[in-house]
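Hi,

Here is the structure I promised to pass along.

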Amino acid sequence: VAVADGNALTIYGQILDSGDLVATAGYYCAGIGGTNGVACGTVTINGGRVTAMATSRGAGIGGGSNGDGGVITINGGVVKASGHYVAAGIGGGGFGNGGKVMIRGGRVEAQTTDYGASIGGGSNGNGGEVTIEGGTVVTKRSYYYPMNIGGGISAKEGGKVTISGGSVKAATIDNAPSNGVERVYCVTAKC
């Protein structure tokens with residue numbers, strides 16, 4: 001689903017989050033967002049079941065190859081985003097910066113295959129701004145680069161991460177996250 005910079009897409013979940021959207025990208029494009037060389041516009045997900053999968057160098061939701069992440073807001077629903085190769089799961093495409101990602105509710109699962117962050121920048125891309133205010137966020141690190149939230153591999157800046165609510169599963173976060181006032185550190189271990 002192409003949503004280029006300057007354009008907007010809002011997804012509603014219909015009755016009881018019953019709507020389904022499965023978006024699979026073309027080559028160098030995001031599942032939902034930018035196409036090859038194009039940044040993502042504004043994507044708002046209010047509900048439903050949304051699955052976004054990219055192919056080479058595209059974010060699951062965000063920029064296409066060499067495209068920044070745009071403005072992505074998730075207020076509810078079940079969202080699964082898979083970036084490919086050097087792109088983020090949610091955020092920058094391959095070699096793109098993370099943009100602004102706001103998660104306020106729902107369940108969000110984000111992952112990438114190689115050198116981008118699960119949420120944030122693609123390879124060489126800065127992390128941008130990631131704000132989590134609610135919902136459940138689960139990230140899966142890639143085999144080659146273990147950054148879950150923040151900048152992609154070789155990024156100059158990790159970005160700004162603010163967590164003020166919700167449940168977040170992330171093994172690694174670039175720069176210490178804050179709740180808007182102070183740094184946040186919380187570890188839950190299961191033995």
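The protein chain has an accessible surface of about 8,600 Å², and 49% of that belongs to carbon and sulfur atoms (Shrake-Rupley method with a 1.4 Å probe; for residues, only the protein chains shown count as cover). This is a predicted model, where local features need pLDDT of at least 70, side-chain atom pairs count only at pLDDT 80 or more, and totals for chains, interfaces and linings use all residues. Residues are numbered from 1 along each chain as its sequence is written, and side-chain values use heavy atoms, with hydrogens and water left out.

The chain holds zero helices and 17 strands (DSSP runs numbered from the N terminus: H or I of at least four residues for helices, E of at least two for strands). Of its 191 residues, 49% are buried (under 20% relative accessible area; exposed is over 50%, partly exposed in between, with a 1.4 Å probe and protein chains only).

Beyond its neighbours within four places in sequence, Ile-103 is in contact (heavy atoms within 4.5 Å) with residues including Ile-74, Ile-119 and Val-137.

One backbone detail: Arg-57, in the loop between S5 and strand S6 (61-62), has a positive phi near 75° without being a glycine.

Best wishes
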